[in-house]
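Here is a short briefing on a ligand site and on one helix. Keep the structure open while you read.

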Amino acid sequence: MPVSDVDLYTEEARVDPYPIYEELRETGAVVYLPRYDLYALPRYDDVRAALTNWQTFSSARSVFVDPLMNAQLEGITLCSDPPDHTALRSVLGRPLRQDRMRDVTPRLEAEADRVVTELVERGRFDAATELAEHLPMTVVSDLVGLPDRGRTKMLEWAAAIWNVQGPANTRFTEAMPVVEEFLAFAANDAVPGKIDPGGWAAHLYQAADRGEISKETCPALMLDYVTPSLDTTILAITNMIALFAEHPDQWGLLRADRSLIPHAINESLRLESPVPQFSRVLTENHEIDGIPLAAGSRVALLYGSANRDGRHYPDPARFDITRRPSDHLAFGRGEHVCVGMHLARLELSTLLERLADQVARFETLSSTPLINNGLRGLKHLEVAVHRDTPAAA
Ligand code: HEM
């Protein structure tokens with residue numbers, strides 16, 4: 001069994017995990033990390049095979065790192081297996097289905113128009129807090145439909161919930177009281193009568209009234225909406241702007257051919273995956289590349305590493321929007337593939353369309369990384385935008 005003492009949770013590794021990922025991919029198809037008692041899968045083929053075999057790679061004993069947190073979150077959609085998962089996901093995913101995106105498109109387009117026009121006019125802004133946060137914070141938080149205090153605290157709560165998805169380090173410990181505050185809010189305040197009757201949160205209680213899920217699970221299921229619906233997309237948008245600032249040639253290609261937008265979204269998610277890993281627990285003894293793993297082992301699926309595996313993507317660190325990597329694993333795959341991906345893609349493409357209309361070039365002025373146990377990307381990205389000169393326009 002290949003073993004490594006690398007630590008994926010130091011500040012340095014949260015900022016730049018890629019040298020560690022490369023080392024792990026070279027070390028083996030499975031690498032035991034004794035520090036966290038995790039068996040890491042760093043290569044593309046193995047991560048993909050695990051994602052599409054839930055019978056062996058189970059989510060029912062949760063998908064995080066810390067044993068106590070894993071025990072506490074069993075049973076939410078993310079941390080369940082079929083048939084429970086199938087029932088939960090069909091309720092949770094209803095407002096997020098592709099055919100429901102038509103309902104939100106006009107609002108997203110209007111907000112994207114407004115924010116892009118205003119920021120481009122200013123010429124300089126924080127692409128993380130002023131651009132990327134805008135659609136999730138105005139439209140998506142509204143769709144969830146929490147009472148006002150909940151809406152304003154959603155980002156803080158979500159960041160804390162992501163922090164407790166790592167090992168019990170300082171980030172985890174400091175986040176715990178914030179997570180508890182959210183859980184109390186979900187149980188006492190995010191309830192019928194106080195939530196928007198047309199929102200996603202209310203829709204969970206309506207499904208419980210119809211007997212599709214149990215009412216007791218509704219507060220915990222709120223986690224499935226509150227945790228992943230904002231920061232993931234905010235980071236994806238910010239990462240994308242940073243990549244285009246660094247690669248003006250690729251921005252030129254996208255502006256010249258808008259049909260490249262979906263590929264640009266996939267390529268930036270591949271290269272800078274906002275959710276670098278989740279885990280699974282083996283339900284039976286299993287062998288990977290000749291290495292035996294015992295039933296009960298917790299296996300870390302390193303999406304961020306798989307997406308940069310040179311065995312699957314030639315010249316993997318190159319940002320190339322003509323690559324068309326629609327098989328990337330940034331949204332996971334299989335039973336638990338991101339249920340919000342249609343919404344995330346819609347937000348990303350709506351913004352890219354508006355930016356492509358108005359921006360000739362992005363220039364990064366400064367950036368600050370986000371340090372979080374469960375997410376990766378930039379907390380701030382100060383950019384200047386350059387417009388077309390009238391002659392070129
Ligand atoms: C670019 C943005 C996003 C990224 C990178 C992302 C990433 C992921 C990943 C990797 C998974 C797989 C979990 C696993 O393998 O166990 C996942 C699942 C999930 N995502 Fe997303 N996500 C994004 C946006 C969203 C949005 C906007 C929502 C909206 C509510 C959302 C809701 C969920 C939920 C509920 C699950 C659990 C699905 C299940 O267990 O069946 N995500 N996401």
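Predicted model: local features only at pLDDT ≥ 70, side-chain atom pairs only at ≥ 80, totals over all residues.

The ligand sits in the largest cavity. Its iron atom has a single protein donor, Cys338. Elsewhere, helix H12 is largely enclosed by the rest of the structure, because 8 of its 9 residues are buried.

**Iron**
- The donor atom is SG of Cys338, 2.3 Å from the iron.
- Cys338 belongs to a loop. That loop runs between helix H16 (303-306) and helix H17 (341-358).

**Ligand surroundings**
- There are 29 residues around the ligand.
- Those that come nearest are His85, Arg89, Tyr303, His336 and Cys338.
- The side chain of His85 places an N or O atom 2.7 Å from a ligand oxygen.
- For Arg89, a side-chain N or O atom is likewise 2.7 Å from an oxygen atom of the ligand.
- For Arg280, the distance from a side-chain N or O atom to a ligand oxygen is 2.9 Å.
- H5, helix H13 (231-246) and strand E5 (277-282) are the elements that give two or more residues to the shell around the ligand.

**Helix H12**
- H12 covers residues 218-226.
- Its buried residues are Cys218, Pro219, Leu221, Met222, Leu223, Asp224, Tyr225 and Val226.
- These buried residues pack against five partners, listed here: helix H4 (67-73), helix H5 (84-92), helix H9 (148-163), helix H10 (170-188) and helix H11 (200-209).

Conventions
Residues numbered from 1 in each chain as written. Heavy atoms only, no water. Donors = N, O, S within 2.8 Å, 3.2 Å for Na, K, Ca; no water. Helix = DSSP H or I, 4+ residues; strand = E, 2+ residues; numbered from the N terminus. Buried < 20%, exposed > 50% of the residue type's maximum accessible area, 1.4 Å probe, protein only. Contact = heavy atoms within 4.5 Å. Near = heavy atom within 4 Å. Polar contact = N/O pair within 3.5 Å; in protein donor to acceptor, adjacent residues only side chain to side chain. 1 Å grid on protein atoms, 1.4 Å probe; cavity = no way out; pocket = protein on both sides within 12 Å on 5 of 7 lines; lining within 4 Å. Sits in = over half its atoms within 2 Å of the grid points.
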